[in-house]
Amino acid sequence: MYPYIFVLGIQIPTYGICLAVAFVVVTFGSILRAKKRKIVPEDILIVAASVLGCAICGAKVLYIMVSYTWYEIITFIRMGNFEFLLGDGLVFAGGLLCGLLGAVIGAKIAGTKLYHLENAIVPLLPIGYAI
């Protein structure tokens with residue numbers, strides 16, 4: 001796998017492209033499955049948005065924790081240098097753990113139980129993981 005592809009001179013990480021494609025496939029596939037099972041599609045969107053936000057934050061936080069020492073992080077913050085937050089790097093395990101937390105939060109926001117949505121979402125997760 002190429003780490004980056006170049007489109008019109010812009011460097012795009014392939015990992016990010018794969019994550020975006022997987023997220024879109026699972027989300028829209030879940031919405032289609034939800035309609036067949038009489039589940040409100042907006043609940044799927046709320047949970048998906050919550051999962052996306054939490055997963056990206058968790059993946060970035062874990063990347064920073066494994067890439068820098070506490071001393072380096074504190075030094076960056078004291079100097080006002082926050083470029084380490086904007087650089088490349090996400091860790092799958094952080095995204096997975098915080099994404100699960102995001103699913104629970106999203107279900108609470110939507111006012112539904114997470115297990116009501118599982119028939120629409122869970123069968124598509126292996127496809128997203130494979131992408």
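1. Phenylalanine 6 has glutamine 11 as its bridge partner in E2. Strand E1 (residues 4–7) and strand E2 (residues 10–13) run antiparallel and are joined by 4 bridges; two strands pair if DSSP finds at least two bridges between them. Helices (H or I, at least four residues) and strands (E, at least two) are DSSP runs, numbered from the N terminus.

2. A word on the source: this is a predicted model, where local features need pLDDT of at least 70 and side-chain atom pairs count only at pLDDT 80 or more, while totals for chains, interfaces and linings use all residues. Residues are numbered from 1 along each chain as its sequence is written, and side-chain values use heavy atoms, leaving out hydrogens and water.

3. Now look at the turn. The hairpin of E1 and E2 has 2 residues between the strands, and leucine 8 takes a positive phi near 55° there.

4. Next, follow helix H2 (residues 41–67) to helix H6 (residues 114–121). Asp43, Ile44 and Val47 in H2 meet Leu117, Ala120 and Ile121 in H6 (contact means heavy atoms within 4.5 Å).

5. Isoleucine 131 sits in the segment after helix H7 (125–130). Leaving aside neighbours within four places in sequence, isoleucine 131 is in contact with Cys18, Val21, Ala22 and Val25. The C-alpha atoms of isoleucine 131 and phenylalanine 23 are separated by 9.2 Å, and the two residues are 108 residues apart along the chain.
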